[in-house]
Amino acid sequence: MVQRELVALARNGDREAFSALAASVVDRLYATAMLILRDHSMADDATQETIVLAWRDLPSLRDPDRFDAWLRRLLVNACRDEGRRHRRRRPEITLLPIHEPVIGDSSAELADRDALERGFRRLTPEHRTVIVLHYYLGLSLPEVASATNAPLGTVKSRIHHATRALRAALEADSRSANMTRGGTA
Amino acid sequence: MNRNDDFDQTLSAWLRREAPPQAPDRVLDAALERVAAQSQQRGWLQRLLGETRMTTLLRATAVAAVVAFAAFIGYQFSNLSPDVGASPSPSGAATPSQTGLPSAIASPSADPAVAALVLRLERGGEAGRVHVVTVLEDGRIITTNYQAAIPLERLLTAAGVQLLRDELDATGLTDTSADYSPVANPGIEPPGYGGMGPALEVGLSGGGTAVITWYLFADGPADYFEPQPEAEALDALAARLSTLDEWLPANAWADANARPYLPARYRIFIFSTGWGGSLDDLPVESATVSWPLIDGIDAFGAAVEIVTQELRCRVVSGEEGSAVIEALEAAGATPGVYPSVYSIIPGTSFGLGDRATSRVVTITFEPILPHADTSCGSELTF
């Protein structure tokens, strides 16, 4: 059954259809939440919250073809709320490394990954959100604006700021590596 | 390939690597466990008719109640075709539906004269605003409670209405229209926030109304937005207005017994879409309906701009709506859940089939509350 049919059935209260629908989107939701929040527990909560809200509010979704966009908005809001809740509980979000390096990565790639990780960690959740939506999910900037309920200008500004910070992290890492090589030559 | 492309690709590749390939099982399991205990938030009749676990008897009773209260109105309007006006119910007494079940409504609120508005509260939400309570100067109070099936009407005493006015006045925020959206702190780039906040419309003593909207940014810390004392006060007021049973004294009620709200107007939506199933499963044939309004089904209403679907809408009187419902029932159409482009419409839907074109036509009746918007389409935006 295609997603549109599942959405239509779930919208009318079919729990089985909703379960199938949720199973088909949970991995993508979780991955997105994990990238934005960088915390397993918070990503768990945000994903769960998104699914529960999706069920509760699905009758309000007028066009089943907009399910994905609608769900993204729910997820972004859930991540935002989760981030705020956590900020109140803890002074700083603990950022955990998600994956061990893949065997075969070159040292340059590993260096890039470390630099990106450091740069990404320093971004605000709002900046991480636009980066994830644009560079991971491949959304256009207007789509990012819709998902975050922010003006397009704000989204462009956030993307600009975030990518500049990440570039700076990469370049600083590169300079550092060059200096190290130069110093040992 | 330039530097920008290189950077974009590097960043995209890094994000793809960082993203966990799948969610732990516990995430979906826990979410579905919560879903199992959570009901959907839907319009009143859709809720009444669409609950999958509703028994056939309950469903039939619910349908009978809906049709019975719609049939209360017997007067005909000028644009009804002559054959429909043949059997009015001038006494306003309940007309039994074809199901033969007695009316579930003892004393409907059929008075079409609408008293001045005291207040109308709509709560906010991700998909727009939803009606909570309307209070009229004559003491009528209409509530939409999503735990109940349909909008309900009760009656306050003059003292009860005054108590509510006192609640409004106590905030000092309801004399003039205002919007209390969050204001970002200087130098802070605030996050976006989705959906809409609540809205409160208040009738003014000099005539007219004030519309107050707000959005309380829930997290409290002032790192993004300035403090929101007005929004907090309005949220507290909205909570009071949403829980009148908990604090209004008994003498505030002239009649605390709730009865179904009988609308003076309906918004009728007609939605036509292809039928994917067997023609045998199509509902009753459209051509068999003796459509009572001058505009036939095919020409009824104006197109509403929404996605790419064919959706038409028109606002009719309660009497006209009743006549159409009777005509549909007479043709054997039954209320139920049929394809709809806009499932939040809190009304009853009838399905009609068109076997020649393999299409199903859904006709939805949304009761319009007093002082509510009577246009078509204004709420049909995502």
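A residue is called buried under 20% relative accessible area, exposed over 50% and partly exposed in between (1.4 Å probe, protein chains only). The model is predicted: local features need pLDDT of at least 70, side-chain atom pairs count only at pLDDT 80 or more, and totals for chains, interfaces and linings use all residues. Residues are numbered from 1 along each chain as its sequence is written, chains are lettered from A and ligands numbered from 1 in the order in which they are written, and side-chain values use heavy atoms, with hydrogens and water left out.

**Exercise 1.** State which parts of chain B are linked by B:Glu167 and B:Arg240, and classify both residues by accessibility.

*Solution.* Step 1: the two side chains form a salt bridge at 2.8 Å, N to O; the term denotes a side-chain nitrogen of Lys or Arg within 4 Å of a carboxyl oxygen of Asp or Glu. Step 2: B:Glu167 belongs to helix α5 (residues 158–171) and B:Arg240 to helix α6 (residues 229–242), 73 residues apart; helices are DSSP runs (H or I, at least four residues) and strands likewise (E, at least two), numbered from the N terminus. Step 3: B:Glu167 has a relative accessible area of 19% and is therefore buried, whereas B:Arg240, at 32%, is partly exposed.

**Exercise 2.** Explain why the salt bridge of A:Asp44 and B:Arg26 joins two chains.

*Solution.* Step 1: the closest N and O atoms of A:Asp44 and B:Arg26 are 2.5 Å apart. Step 2: A:Asp44 is in helix α3 (residues 40–57) of chain A and B:Arg26 in helix α2 of chain B, so the bridge spans both chains. Step 3: A:Asp44 is buried at 8% relative accessibility, while B:Arg26 is partly exposed at 46%.

**Exercise 3.** Describe how α2(A) and α2(B) cross, and classify the residues in their contact.

*Solution.* Step 1: the axes of α2(A) (residues 15–37) and α2(B) (residues 25–36) come within 10 Å and cross at roughly 145°; axes are lines fitted to C-alpha atoms over the stretch in contact, with angles from 0 to 180 degrees between N-to-C directions. Step 2: the residues in contact (heavy atoms within 4.5 Å) include A:Phe18, A:Val26 and A:Tyr30 of α2(A) and B:Arg26, B:Leu28 and B:Leu32 of α2(B). Step 3: by class, the contact has 10 nonpolar, 1 polar and 2 charged residues, where Ala, Val, Leu, Ile, Met, Phe, Trp, Tyr, Cys and Pro are nonpolar, Asp, Glu, Lys and Arg charged, and the others, Gly among them, polar. Step 4: the crossing of α2(A) and α2(B) is right-handed, meaning that the near helix is turned clockwise from the far one by less than a right angle.
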